[in-house]
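Q: I have a model open and would like to learn to read it feature by feature. Could you walk me through it?

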Amino acid sequence: MVTSVTNFGRSGLSDWLMQRVTGVILLAYTILIVAVLLVCSPDYTEWKALFATTWMKTFTLAAILSVASHAWIGLWSVSTDYLVKHVLTIKLGPAIGAQANLLRWLFQAASAVVLFTYVVWGIQILWG
């Protein structure tokens, strides 16, 4: 049995709700960026001026954090659904299946490092 130690929200309902909220934030951000590109067709100075405003930096930060949390919940769900002993034993054999917990932990650790790097790098670029 997989425990919820690495689960983001500690319950299915809160994870489901977080996926929906972050999805709406990402949809709104995508619509804004597409609208700016289609309506204004900004050059570098206009683009830089747009991202110099506090509201745009805040919205972009919300989008960065939304991507990270949305991805974490999705990757956690995939790893707990597919990186389990019975699935790995059937697909890759008993030797790999016996290492399911280690493989799942490594996958989740690598995912956490990548997402943490994405967030830190995004904040550095955004708030420079």
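A: Start with the order of elements: from the N terminus on, the protein chain runs α-α-α-α-α-α. That makes six helices and zero strands. Keep in mind that this is a predicted model.

Q: Since it is predicted, where is confidence lowest and where is it highest in the protein chain?
A: Look at the chain as a whole, then at its elements. The mean pLDDT of the protein chain is 88, and 88% of its residues reach 70 or more. Confidence is lowest in helix H4 (residues 85-92), with a mean of 68, and highest in helix H1 (residues 12-40), at 95.

Q: What share of the residues in the protein chain is buried?
A: Burial is read from relative accessible area, with under 20% counting as buried and over 50% as exposed. Of the 128 residues in the protein chain, 27% are buried.

Q: Is Thr22 buried or exposed, and which side chain does the side chain of Thr22 contact?
A: Apply the cut-off: Thr22 has a relative accessible area of 3%, so Thr22 is buried. Thr22 sits in helix H1, and its side chain makes a polar contact of 2.7 Å with the side chain of His70.

Q: How many aromatic pairs are there?
A: For ring pairs, read the distance between centres together with the angle between planes. The count here comes to two aromatic pairs. In one of them, Tyr29 and Phe59 are edge-to-face, 5.3 Å centre to centre with 75° between the planes. Tyr29 belongs to helix H1 and Phe59 to helix H3 (residues 54-82), so this pair ties together parts that are 30 residues apart in sequence. At 14% relative accessibility Tyr29 counts as buried, whereas Phe59, at 23%, counts as partly exposed.

Q: Why is the pair of Trp47 and Phe51 called tilted?
A: Planes under 30 degrees apart would be stacked and those over 60 edge-to-face, with the rest called tilted. The planes of Trp47 and Phe51 stand at 50°, with ring centres 5.2 Å apart, so the pair is tilted. Both residues lie in helix H2, four residues apart, about one turn of the helix. Trp47 is partly exposed, with a relative accessible area of 28%.

Q: Turning to the surface, which residues form the nonpolar patch?
A: Here you look for nonpolar side chains on the outside. Ile96, Leu102, Leu103, Trp105 and Leu106 make up this patch, with about 460 Å² of accessible area together. Helix H6 (residues 100-127) gives the most to the patch, with four residues. Trp105 lies in helix H6 and is exposed, at a relative accessible area of 53%.

Q: Last, the backbone: what is phi of Ser41 near?
A: The general idea is that most residues other than glycine have a negative phi. Phi of Ser41 is near 45°, a positive value in a residue other than glycine. You will find Ser41 in the loop between H1 and helix H2 (44-52), and at 55% relative accessibility Ser41 counts as exposed.

Terms used:
Residues are numbered from 1 along each chain as its sequence is written. This is a predicted model: local features need pLDDT of at least 70, side-chain atom pairs count only at pLDDT 80 or more; totals for chains, interfaces and linings use all residues. Side-chain values use heavy atoms; hydrogens and water are left out. pLDDT is the predictor's confidence in each residue, from 0 to 100. Helices (H or I, at least four residues) and strands (E, at least two) are DSSP runs, numbered from the N terminus. Patches are made of residues with over 30% relative accessible area and no salt bridge: like charges are joined within 9 Å, nonpolar side chains (Val, Leu, Ile, Met, Phe, Trp, Tyr) within 5 Å. Accessible areas come from the Shrake-Rupley method with a 1.4 Å probe; for residues, only the protein chains shown count as cover. A salt bridge is a side-chain nitrogen of Lys or Arg within 4 Å of a carboxyl oxygen of Asp or Glu. Buried means under 20% relative accessible area, exposed over 50%, partly exposed in between (1.4 Å probe, protein chains only). Rings of Phe, Tyr and Trp (its six-membered ring) pair if their centres lie within 6.5 Å; planes under 30 degrees apart count as stacked, over 60 as edge-to-face and the rest as tilted. A polar contact is a pair of N or O atoms within 3.5 Å; within protein, one must be able to donate a hydrogen and the other to accept it, and residues adjacent in sequence count only if both atoms are side-chain atoms.
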